[in-house]
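Please open the structure in your viewer and keep the selection panel at hand.

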Amino acid sequence: MHLLISSARSPLLNKTGLAVINFGIIEKIVLDILASHIGFTYDIIPPRDILSPGFLQPNGSWTGTTGQLQRKEVDMCVTMSAASSSKSKILDVSYPVVHADSVIVVPFPKETSRTWFGISSFQISAWIAMSVTFVVIIVVSWIIVRVNHSKLDVMAPTLSYWVVFYFGLCTLQGTSLRGSSTPFRIVCIVSVFGIYITINYFTASYTSILSTPVFKTAVNSIEDSAKSTTVKTLLIKGSSTDEHIMSSLDPTFRMLANQMRLYPERRIVNALTVDDISTIVKDNSVLVMAQSNAESVIENSYKINRKCLVTLAEKTFFSRPQVFTYPKNSPIAKEIDYDLLLMHQAGLIQYAERTAKSQNRCRISDLKNAQAHKIAPLGRREMSGSLVIMALGMAISFFIFLVELIVAKMKKAFARK
């Protein structure tokens, strides 16, 4: 038996400039196993118009591989896609081959500055609580010492003295409790204990922050993409994700579909025919596609540029089975489906997925984990926050020093008069 089989992906389709992606490798492996077990040969017949499942035209005809099936030019299409109700009248679908999630390919973000990351060691509520506690301790100490000194008719230290006193205690400059009353000593001991815990927690938290790179992607989810007014979302025209978004009643997908109708140029057809996907996904553009294929094009981009220019947004969406397709009432559908079921049971589909899986060296979560576990000297980027605080502290101290000199000279001048 000899079959004419439609495919829009490499390596089955040997076309110059067409990127080899995970789905294409899976399709090749599965098709060869089916051909060997059932005993058929095949020729690959690519669509003449668009290398994708295709889309419906105003005259009722379809483009891409779907158009080939509609015109019965081929016996089967192995370019995997999600089943769609809009195509049910012109084609049949196979037993599920694999499952896939949709993802968003985004430009690789620049690492966020760590200059003020010390502040993020505690939540705002914790900073407020510590500030209130600091003020309460100062007021309590001032009251205790003031009452004790009033009994002895001795001038008590001012409130500003206690601000400086506890500031010195918090910054580990030390103090002496010799000759102090018991209530005041208790206040100091409690405050020192609280300061000890706070400083140790701050040290651990700040060290963790310094050792973990911080990246902020253009969008983190499809909801972010739909709501953003600055990010331009791109779809692969004719893909199953594109078809789902354009026909969905989900509010988020409807927002994206309205954007596509307003800017039809954002439904592109050349995402898989470029050598480097970063030439499409750049600046404020993001591209929606199947996760397995996205990992392939990201890895291809990394190999070309030797650095990460694109990566994946954090959240996936639209998980669905991927199927082969046949012309309506195809005589080979039953036998192919039965063998696909046997391949699942034998683990051959899982073997194909493992063989095709790309290494994604630009996954942000993996980069964070690798950096967090990496033992290496801290660099200027990691120490920028500490250096800025030290510079500001020295600048402020020098300014206060000048003010004190000026005040001292003014007092001396007035004293002479």
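How do the residues of the lining of the second largest pocket divide into nonpolar, polar and charged? The model on display is a predicted one, and in it this lining consists of seven nonpolar, nine polar and five charged residues.

To see the pocket itself, select Ser-86, Glu-243, His-244, Met-246 and Ser-247; of the 21 lining residues, these are the closest to the centre of the second largest pocket. The space in this pocket amounts to about 370 Å³. Next, select residues 240-247, which form helix α7. This helix contributes six residues to the lining, the most of any contributor.

Rolling a probe the size of a water molecule over the atoms shows where empty space is left. The model contains three cavities of 30 Å³ or more. The second largest cavity has a volume of about 90 Å³. To find this cavity, select Thr-66, Ser-81, Lys-87, Leu-91 and Thr-325, which lie nearest its centre among the 15 residues of its lining. Then colour α2 (64-70), β3 (76-81), β4 (91-93) and β10 (317-327), each of which supplies two or more residues to the lining of the second largest cavity. By class, that lining holds eight nonpolar residues, six polar residues and one charged residue.

Finally, select the whole protein chain. Its 417 residues include 41% that are buried, and the chain has 13 helices and ten strands. The accessible surface is about 23500 Å², and carbon and sulfur atoms account for 61% of it.

Note on methods. Residues numbered from 1 in each chain as written. Predicted model: local features only at pLDDT ≥ 70, side-chain atom pairs only at ≥ 80, totals over all residues. Heavy atoms only, no water. 1 Å grid on protein atoms, 1.4 Å probe; cavity = no way out; pocket = protein on both sides within 12 Å on 5 of 7 lines; lining within 4 Å. Points joined across faces, edges and corners; volume = space filled by probe spheres on them. Helix = DSSP H or I, 4+ residues; strand = E, 2+ residues; numbered from the N terminus. Nonpolar A, V, L, I, M, F, W, Y, C, P; charged D, E, K, R; others polar. Buried < 20%, exposed > 50% of the residue type's maximum accessible area, 1.4 Å probe, protein only. Areas by Shrake-Rupley, 256 points an atom, 1.4 Å probe, with all protein chains shown as cover.
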